[in-house]
Amino acid sequence: MSAIIPFAEPFTSQQAVIYQQQLRERRPLVHCLTNDVVQNFTANVLLAIGASPAMVIAREEVRDFVVVADSLLINIGTVNHSIIDSMLLAAESAYQTKTPWVLDPVAVSPILTYRTELAKQLLSFNPTVIRGNASEILVLAGEKSSGKGTDSLDSTDSALQAAQELAIKYQTIVAVTGAIDYVTDGKTTYAIHAGDEMLTRVTGTGCALSAMVAAFIGSNEDSLSAAAAACLSMSLAGERANKTQGLGTFIFSVLDHLSLDS
Amino acid sequence: MSAIIPFAEPFTSQQAVIYQQQLRERRPLVHCLTNDVVQNFTANVLLAIGASPAMVIAREEVRDFVVVADSLLINIGTVNHSIIDSMLLAAESAYQTKTPWVLDPVAVSPILTYRTELAKQLLSFNPTVIRGNASEILVLAGEKSSGKGTDSLDSTDSALQAAQELAIKYQTIVAVTGAIDYVTDGKTTYAIHAGDEMLTRVTGTGCALSAMVAAFIGSNEDSLSAAAAACLSMSLAGERANKTQGLGTFIFSVLDHLSLDS
Amino acid sequence: MSAIIPFAEPFTSQQAVIYQQQLRERRPLVHCLTNDVVQNFTANVLLAIGASPAMVIAREEVRDFVVVADSLLINIGTVNHSIIDSMLLAAESAYQTKTPWVLDPVAVSPILTYRTELAKQLLSFNPTVIRGNASEILVLAGEKSSGKGTDSLDSTDSALQAAQELAIKYQTIVAVTGAIDYVTDGKTTYAIHAGDEMLTRVTGTGCALSAMVAAFIGSNEDSLSAAAAACLSMSLAGERANKTQGLGTFIFSVLDHLSLDS
């Protein structure tokens, strides 16, 4: 990887507010195929920001439900043989109906080839946004990563060039999130300098952020800015949340701030 | 639908208290086959009101477990091919052993035919109570609804006549919940004028309410009043919960009040 | 069962602190195959104490992931035909690679024979620790229990001899938890006199404790003391948590104290 960090523009809360308001007005129906660990938190995060979550997972139902949804999220965190068909059918339906959709390629890595192959298949259905941590984006781009499990051991700076190349190759938007979030379509890159390290100690904040990206792109057609607005909204909630009482209080303070501020 | 609202009697907290106390004394074992989004919240809600939740889902185990349980909940929110057999076997077992049981027909609609067909199959096993929002009750009764996803776009007033007809047709009790809750066996109808709109912004409050109905009918044979007591208990917790700090604080304040007041 | 309670040494917070610190330093990757009700709470509990949770469940992935994990948890609470293969493959992989692992035999009982047979199959892969309530340990040891569902109706005193015999028979460690926790390898037995009854009213505290045991034995080779340190950590968090506001506040206060104190 090059040591040169490509130019990135800051994305500010002044810019985000219009997307937040539009989301509340349009109340997008977000169809979520996500992992077993974060279903409840994801639904509450979507409700907090003003979206309407729906977890419809049966292979007999996903194709038709994508058609009525405003956007789709596919998160492969706890993928197994029972859900894989539903994911592929939903992605195909989104592709055919031009429904905006987000791919969260949780824990793709050389060790976990089953999900890594699935992620590559899903890429062929042209996700509107890919949201991942640095390790996941490096793996999808065919680079080496230090990832193990769901935590990234790489910095987003080290993955930015891979993110830009991935965005160009698949004509998509890549949001690579961490200490600094980058959101890029390969030409324009936004940088989000906000957030708090404590967010990494709450399970599902990345997964819930991917659902937020789905909600934001489901209510505004400027997917690049909408995705950046989602990232900034989560980062600001983490900054503002109560960090003095421990992890439990922090989690619910994040939900409080998502519901009050965004 | 007729514009005439049939007569409904108010159900009061004075009436509810006897059912709440009986539930705490009997500590009913509530067998839950519910959706992936709300499992944890449902279990904590049941523990808060003094019931004992048990999520036994294997098709090899559900028939026998229904026999030892005091009541059963079947919620089809995230139904798929893997759980559908368990739901049918559990409902059949409840029917055969006269175990009281609740059907929560989440998101039945003309779009989602797979679950709608399942809900109709489950009706043949004679649920003690059907708990749904207005859109779901209208669909089950064969009427038109405006529902999409899991949120109702119809008022409970507009669904009350359908609820009463459904109750008579299937010799069951229907609880249609929203701004006003109605609980009816087709002859007597209770109205619950309590609650708070913020409850609709927490995922799983309707699903957890269905589990509460199961707990209440599992500890008192007057299923109509017991179901009404469950609805009132949730509504009062929503009224009393802290609404000044945002969504996260509200969720846990609802659990606080369910554990303290009911 | 004999009425004589075998000698047990107290395990103190002074002893626990070294295992807590080591866990934070090593940040063990804990591979969890756990039940649908407690996935989120378990992940947050592991993050609170400084571990790294990963819920990888596909039968295509579990064998390889056990190899990179520091420890494994298998909890059979919501076992069904879809996950059973993954559990057996993961346990076999742990056995072959000498990865420490914890079995949580949720709700084994004469009524639920499917999971009870599975628990016995899993025992053949030599779990490092078995963590259960008194009823579950009695059933695994072939004794009579009063258990029904997931709540124990037996005291840990009444199960201690069975726990010791089970530990010797399978050359494992048994943690039988309740009002008093006992952790035994059949020769040495630690007793933990801490905790709060309110912990039994939060869903998943036992399941999350089993995950904590996995994290502790994944960061220290003295499995007996590490398991006792895990039990004491959960008990102290329950003692210290806010019990004045109701169940919701208590749950998140437990998470707060796990993150601050341990």
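In the predicted model, strand β1 of chain B runs parallel to strand β9 (residues 189-192) of chain B, and two bridges join them; strands, like helices, are DSSP runs numbered from the N terminus, a strand (E) having at least two residues and a helix (H or I) at least four. Two strands are taken to pair if DSSP finds at least two bridges between them. Within this pair, B:Glu9 stands opposite B:Tyr190 of β9(B). The model is a predicted one, in which local features need pLDDT of at least 70, side-chain atom pairs count only at pLDDT 80 or more, and totals for chains, interfaces and linings use all residues. Residues are numbered from 1 along each chain as its sequence is written, chains are lettered from A and ligands numbered from 1 in the order in which they are written, and side-chain values use heavy atoms, with hydrogens and water left out.

Both strands belong to an open sheet of chain B, in which nine strands follow the order β1-β9-β8-β7-β6-β5-β4-β2-β3 with mixed pairing. Its edges are formed by β1 (9-10) and β3 (52-54) of chain B, each of which pairs on one side only.

In chain A, strands β7 (residues 173-176) and β8 are antiparallel and are joined by three bridges. These two strands form a hairpin with four residues between them, and A:Val176 lies opposite A:Tyr182 of β8(A). Strand β8(A) also pairs in the antiparallel sense with β9 (residues 189-192) of chain A, over four bridges. Here A:Tyr182 stands opposite A:Ala191 of β9(A). The hairpin of β8(A) and β9(A) likewise has four residues between its strands, and A:Gly186 takes a positive phi near 95° in this hairpin. From β8 (residues 181-184) of chain A, A:Asp181 and A:Val183 point one way and A:Tyr182 and A:Thr184 the other, and all are buried (under 20% relative accessible area, with a 1.4 Å probe and protein chains only).

In chain B, the axes of helices α9 (residues 223-240) and α10 (residues 247-261) come within 8 Å and cross at roughly 125°. The contact (heavy atoms within 4.5 Å) involves B:Ser233, B:Met234, B:Ala237, B:Gly238 and B:Arg240 of α9(B), together with B:Phe250, B:Val254, B:His257, B:Leu258 and B:Asp261 of α10(B).

Note on methods: Axes fitted to C-alpha atoms, helices over the stretch in contact; angles between N-to-C directions. Buried < 20%, exposed > 50% of the residue type's maximum accessible area, 1.4 Å probe, protein only.
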